[in-house]
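Dear colleague,

I am passing a structure on to you, and you will find the sequence and the model directly below. After them I have set out what was found, so that you can follow each point on the structure as you read.

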Amino acid sequence: MSDRPAPVGAGRTVIVGAVRYAELCGRGRQLLIDNGFTLIENQTTVPWTASELHELIRSADAAVAGVEVFDQPALAEAASLRIVSRLGVGLDNVDLAEARARGIDVVNVPGGNAEAVAELALGFILSLLRRLPEMNEAARAGRWDRYVGRELAGTRIGLLGFGAIARLLSARLSGFDVTIKAYDPYADPAHAAALGVALVPLEDAVADVDIVSVHVPHLPATHHLVNDELITRMSEGTLLINTSRGGLVDEAALVRGLESGRIGGAGLDVFEHEPVDPRNPLFAHSGVVTAPHAGADTVEAYDRIGWATAEAIVDVFSGRRPANLAN
Ligand code: NAD
């Protein structure tokens with residue numbers, strides 16, 4: 001008989017609500033298996049419903065959470081749950097206070113997908129400047145249309161929010177010889193100074209720039225931050241990028257901005273209502289480039305986040321404090 005101690009996960013169950021976990025988070029999944037955990041995984045492509053989660057949570061010691069809802073009724077069913085490890089950043093689907101009251105740790109992975117989102121924002125910027133989607137469409141339709149684009153070098157950029165994603169975007173943009181200013185009342189001036197970014201009031205961040213990129217969280221205070229009034233302060237032809245949340249931009253105001261020419265084009269990963277209605281009036285404008293809330297969807301981001309969520313679970317059952325405890 002071996003006298004080696006049983007692995008921390010022996011006899012313990014991890015429920016994994018996140019979809020496509022085996023495909024996208026293989027390394028983290030293997031870490032859990034190597035530590036002896038038994039996994040119950042969502043094998044479908046849709047999040048667990050409340051009743052599915054309520055059933056599964058009863059036998060769970062840990063959860064790798066997708067977007068299924070860990071609210072009070074769900075947590076009330078959990079007899080032995082010690083940790084909810086969120087596969088991502090957002091925690092709006094987890095009742096943090098209720099979890100704390102029940103002694104359940106909640107962790108997330110701040111900045112885990114920042115690179116992916118920053119690069120998508122950069123992709124939108126370059127696409128809009130060179131009108132890539134229009135050229136792509138024209139060539140496929142047999143038209144040899146050559147649009148004369150604009151260069152990123154030498155442009156002026158205004159960032160709304162200066163957190164993990166906006167800072168990474170600034171760092172990546174620095175190689176393009178651009179001028180960047182940002183609005184973020186809570187930003188660390190040392191971070192801004194190190195990246196050569198000027199911290200300015202909201203109105204200044206959108207004035208006299210070629211590109212505005214939105215990177216604040218969606219809160220009551222930031223709902224429709226980009227509205228008619230703010231758009232009026234922008235220069236003619238300003239490009240607007242939103243990879244943050246749809247509710248930050250008043251879409252009706254954006255349509256008006258595109259129609260007046262004040263907005264010269266928009267790169268949108270997020271919408272006020274998702275999935276977006278294909279009849280959304282924004283799609284009437286050729287200068288609108290979109291993605292289906294795919295900012296975080298890179299192989300590298302899933303791998304990184306998958307590993308961090310698994311590591312947090314192993315830490316908790318090994319008696320270590322997990323990184324990024326959120327409650
Ligand atoms: P972060 O928390 O690092 O940065 C957010 C910044 O916004 C902080 O610096 C904060 O000080 C600032 N802020 C907060 N309230 C503000 C206000 N009222 N006015 C101005 N600034 C304010 O977050 P992050 O990782 O940079 O992510 C930013 C946002 O991107 C997230 O909140 C999320 O909504 C979005 N996001 C989208 C995707 C996607 O798939 N498209 C993926 C990850 C994150």
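**What was found**

The lining of the second largest pocket consists, by class, of 10 nonpolar residues, four polar ones and one charged one. Please keep in mind while reading that this is a predicted model.

Two pairs of packed helices come next. Such a pair is described by the angle between the two axes together with the distance between them.

The crossing of α2 with α13 is right-handed, and the contact is formed by R27, G28, L31 and L32 on the α2 side and by D303, G306, W307, A310, E311, I313 and V314 on the α13 side. Sorted by class, the residues of this contact are six nonpolar, two polar and three charged.

In the other pair, helix α6 (residues 114-130) packs against α8 at an angle of about 55°, with their axes 8 Å apart, and α6 is therefore oblique to α8. The crossing of α6 and α8 is right-handed. From α6 the contact draws on A114, E115, V117, A118, A121 and L122, while α8 contributes A164, I165, L168, L169, R172 and L173. The contact of α6 with α8 has 10 nonpolar and two charged residues, with no polar residue in it.

Finally, two details of the backbone deserve a look. As background, most residues other than glycine have a negative phi, and most peptide bonds are trans. D177, which is found in the loop between α8 (164-173) and β7 (179-183), is a residue other than glycine with a positive phi, near 65°. The peptide bond that joins E274 and P275 is cis, with an omega of about -5°, and P275 has its place in the loop between β11 (263-268) and β12 (288-290).

With kind regards

Terms used:
Residues are numbered from 1 along each chain as its sequence is written. This is a predicted model: local features need pLDDT of at least 70, side-chain atom pairs count only at pLDDT 80 or more; totals for chains, interfaces and linings use all residues. Side-chain values use heavy atoms; hydrogens and water are left out. Ala, Val, Leu, Ile, Met, Phe, Trp, Tyr, Cys and Pro count as nonpolar, Asp, Glu, Lys and Arg as charged, and the others, Gly among them, as polar. A crossing is left-handed if the near helix is turned anticlockwise from the far one by less than a right angle, and right-handed if clockwise. Helices (H or I, at least four residues) and strands (E, at least two) are DSSP runs, numbered from the N terminus. Contact means heavy atoms within 4.5 Å. Axes are lines fitted to C-alpha atoms, for helices over the stretch in contact, and angles run from 0 to 180 degrees between N-to-C directions. Angles under 35 degrees count as roughly parallel, over 145 as roughly antiparallel, 65 to 115 as roughly perpendicular and the rest as oblique.
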